[in-house]
Amino acid sequence: MKSQDQKNIIQDQKSSLLLHQRIIASAVGGFFVVIFTTPFDVIKTRLQAHKASKEARLDRIVKGTSSVFSSILKEQGISGFWRGLSPSLALIIPTNALYFCQYEKVREQLEKSQTSWVRSSSAAMSGAFARATTSILVAPVDFLRTYWQSSASQGNKLLTQTSGLIKREGFSVLWTGVVPSLLRDVPFSALYWFLYEFLKKEFNRKLGHKPGDHQKLLLSSFFSGAIAGVIGTGLTMPLDVIKTRRQMHHKDESGKELLIRDRHTSREIFRTILREEGVKGFFVGVGVRAARVAPACAIMISSYEWMKTFLNNTGL
């Protein structure tokens, strides 16, 4: 059990961090995560898009991740794996700043509660609240990222296609898929933070971590983030599949793009997947997403924890 002095040191460090320091820490971690994970996002989105596309099922059967990888490399070159990088970077910086700052502030308040169950579940509740508000605010950029990654168009044609979509259906189209996003991200965030804080505490105990031991903090954060990310990914994967199919680029039999209002609802997508592909259809791309989320969570949380310590110590 930590001594009162150790608790005070940790609490003092939390309280002494300024808002701009937390924003910088989250932005740095987010930048490296986006560079690393965008190829995985592109492959996952294309894999799920091919599964949902009638055209793909009839004219070109894509078998697994390796085929999608080869297809992207052949058609678009190495740069194709970073398709949607711009909206991803535009998404990650404000998202992380808002998300991490909310999480820490809300958790600090909940930990002051006189009710024991509130204190014990503060990580889960803070994570859920932070993710819900953040997801709603950044939903338009997330929609554009998925829409661009699932479309075969490029450059100016893609921009014209996107502006045409907004002109036809209004700005509300940018919040398409926000409900399945919330249903996926809020439980994931609650579960992730609960597991992360628990695992970090256990790792710190086994490693004999003491305040100021940055190397052990980095190790415990890295592995706790990776494990929590994998577990959360597996449990929320079906909702990720539904969200992606709701947001991606769709065409009718004549090749004309379908209006969002003419596409299947999330409930209809759920029934279609279950009827045509069975339960396994809800886990299309789970390997790719797990391979993306585990290191992403590990890199993000460990770099965030390290940057917080660095900024706090240097006074930047």
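1. Which residues form a nonpolar patch on the surface? They are F31, F32, I35, F69, L73, I78 and W82, with about 660 Å² of accessible area together. Patch members have over 30% relative accessible area and no salt bridge, nonpolar side chains being joined within 5 Å; areas are Shrake-Rupley with a 1.4 Å probe.

2. A word on the source: this is a predicted model, where local features need pLDDT of at least 70 and side-chain atom pairs pLDDT 80 or more, while totals for chains, interfaces and linings use all residues. Numbering runs from 1 along each chain as its sequence is written, and side-chain values use heavy atoms, without hydrogens or water.

3. Helix α2 (19-52) and helix α4 (64-76) each supply at least two patch residues, with the largest share, three, coming from α2. Helices here are DSSP runs of H or I, at least four residues long. L73 lies in α4 and is partly exposed at 38% (between 20% and 50% relative accessible area; buried is under 20%).

4. One joins R22 and E104 at 3.4 Å, linking α2 to α5 across 82 residues. R22 is buried at 2%, and E104 is buried at 11%.

Key
Patch = residues over 30% accessible without salt bridge, like charges linked within 9 Å, V, L, I, M, F, W, Y side chains within 5 Å. Salt bridge = Lys/Arg side-chain N within 4 Å of Asp/Glu carboxyl O. Buried < 20%, exposed > 50% of the residue type's maximum accessible area, 1.4 Å probe, protein only.
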